[in-house]
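Please look over the sequence and the 3D structure below. Then read the briefing that goes with them.

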Protein chains: 2
Amino acid sequence: MATTTFRFSGGSRGDWQIVRTTVLCGDGLAAAPYLSVDADAAAPGDALWSLRGFVSNTRYATRVETTELRLVQQGLGRPQARQAALIPIRKTAAWWDLPQDERRAIFEETSHHTRIGMDYLPAIARRLYHSRDLGEQFDFLTWFEYAPEHGAAFDELLARLRATQEWTYVDREIDIRLALAGGA
Amino acid sequence: MATTTFRFSGGSRGDWQIVRTTVLCGDGLAAAPYLSVDADAAAPGDALWSLRGFVSNTRYATRVETTELRLVQQGLGRPQARQAALIPIRKTAAWWDLPQDERRAIFEETSHHTRIGMDYLPAIARRLYHSRDLGEQFDFLTWFEYAPEHGAAFDELLARLRATQEWTYVDREIDIRLALAGGA
C-alpha cells in the first residue's frame, strides 16, 4: 500500500510563498520565506522546520455528513485556488484521554465543526493530515486552499471554529498563510 | 513527544519463540523461528519480515466501555503471561470507506467486539498497534499475552470474534503464536 505521508517544510525554496505567520497559542516556528510540500522523504537541505502528517480515514463524520460533504466539496489544486493556509494544531492530553463518544459530541454536537466547514464549501477546500501518531510536535496539519476573493470568508470560518468548545482543547496553533509562488 | 511506534520482526533472534503460524486469509509471511519487538528503528539484520505499528488513542470505545475496561484489564509483561500472540490484520477498502457511525455500529452494536474481549479479562491482556497509516501491509497488529492455562480461553475469544459481522471485512489475517524464549 502506498504511503500517504507528506512533509511540509519551511525554507528558502518551495511552491508556496509564506506571506504571514500568526502564532495563536504555544510555541512558534522559525521564520521562513517559502513552504515546500513533498511526499515523505528526508527534509530538504534548506529546511528551517519540517512537519509530517498522513491522510487517513475519517474519525468523526457520520454517513449523513459524509454524503453531504462529498456532494459539495471540491479537491485541492484548483487553478483559481492561489491562496492557502497551513495551520498546525496540537490538542491537550485531556482531549486525547476522552473516549470516542465524548470527543465526537464536543467535535460536532457541541462545536459543529463539520457543519461550520460546510458553510464555506465549495469555496474553501481542505485536507486534514494526522501528525500525532508519528511522534511529531503537532497533532494535526490542517490545510486549506481558496481563491483570493474568499480570503475574508476563510477568516470568518476560522473565527467561528476558534470560538467553539472544541478549541478549548487546542494548546498550540500557528496560522501560516500562503500564496502560490510566481503566481499572477 | 516520544514516538510510540514499535517494530515486530521475524528472524533468527528474539525474546519470543514462534511456536505456530496459521494463515487465516490472504498472503502469509516467511517462516521464522523467533520474534523480536523493538522501538521503531531499522529492521534487524536477521529479519525475514518486519511489521511496524503505533499505539494511539481509542477509536470506538465510549465512556462507559472505557471505564469498565480500565477497571478490569491488566497490563503487558505480567510474569505469568509466558504465551503471546501477534495477529496482523488487514481490512477491506469497503471497511475504510465506511463513515465513523457505521464502523462503530458494526464494531460494537452488531459484533460486540469490546464486549467479547471483556469476557476474557483480566486473563488475556491485549494491545492494539495501528499500521495502516504507516503504509504498511497490514492495518493492525494485534497483540495478546496470557498464562499457558488460558490458551483455550484465548482460542475461544478468537473464534467468537472471527464469527462476527466485523470479520467479514477482514481480508488478511495471520495468527502467530509465541512463547517466551528461554522460559521454564
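Predicted model: local features only at pLDDT ≥ 70, side-chain atom pairs only at ≥ 80, totals over all residues.

Residues are numbered from 1 along each chain as its sequence is written, chains are lettered from A and ligands numbered from 1 in the order in which they are written, and side-chain values use heavy atoms, leaving out hydrogens and water.

**The interface of chain A and chain B**

- Chain A brings 29 residues to the contact and chain B brings 28 residues. Contact means heavy atoms within 4.5 Å.
- The two chains bury about 2200 Å² between them, with 43% of it on carbon and sulfur atoms. Buried area is the accessible area (1.4 Å probe) that two parts lose on being put together, summed over both.
- Four salt bridges cross the interface. A salt bridge is a side-chain nitrogen of Lys or Arg within 4 Å of a carboxyl oxygen of Asp or Glu.
- A:Arg63 and B:Glu102 form a salt bridge, with their closest N and O atoms 2.7 Å apart.
- In chain A, helix H1 (63-72), helix H2 (93-97) and helix H3 (100-110) each supply at least two residues of the side that touches chain B. Helices (H or I, at least four residues) and strands (E, at least two) are DSSP runs, numbered from the N terminus.
- H3(A) gives the most to that side, with four residues.

**Aromatic rings**

- The whole structure has 19 aromatic pairs over all chains. Rings of Phe, Tyr and Trp (its six-membered ring) pair if their centres lie within 6.5 Å; planes under 30 degrees apart count as stacked, over 60 as edge-to-face and the rest as tilted.
- B:Phe8 and B:Trp143 form a tilted pair, 5.7 Å centre to centre and 40 degrees between the planes.
- This pair links distant parts of the chain, 135 residues apart: B:Phe8 is in strand S1 (residues 5-11) and B:Trp143 in strand S7 (residues 140-146) of chain B.
- B:Phe8 counts as buried because its relative accessibility is 0%. Buried means under 20% relative accessible area, exposed over 50%, partly exposed in between (1.4 Å probe, protein chains only).
- B:Trp143 is also buried, at 3% relative accessibility.
- In chain A, one aromatic cluster is formed by A:Phe6, A:Phe8, A:Trp16, A:Tyr129 and A:Trp143.

**A loop residue, B:Gln165**

- B:Gln165 sits in the loop between helix H5 (151-162) and strand S8 (170-180) of chain B.
- B:Gln165 counts as partly exposed because its relative accessibility is 35%.
- Not counting residues up to four places away in sequence, B:Gln165 touches B:Ile106, B:Thr110 and B:Ser111.
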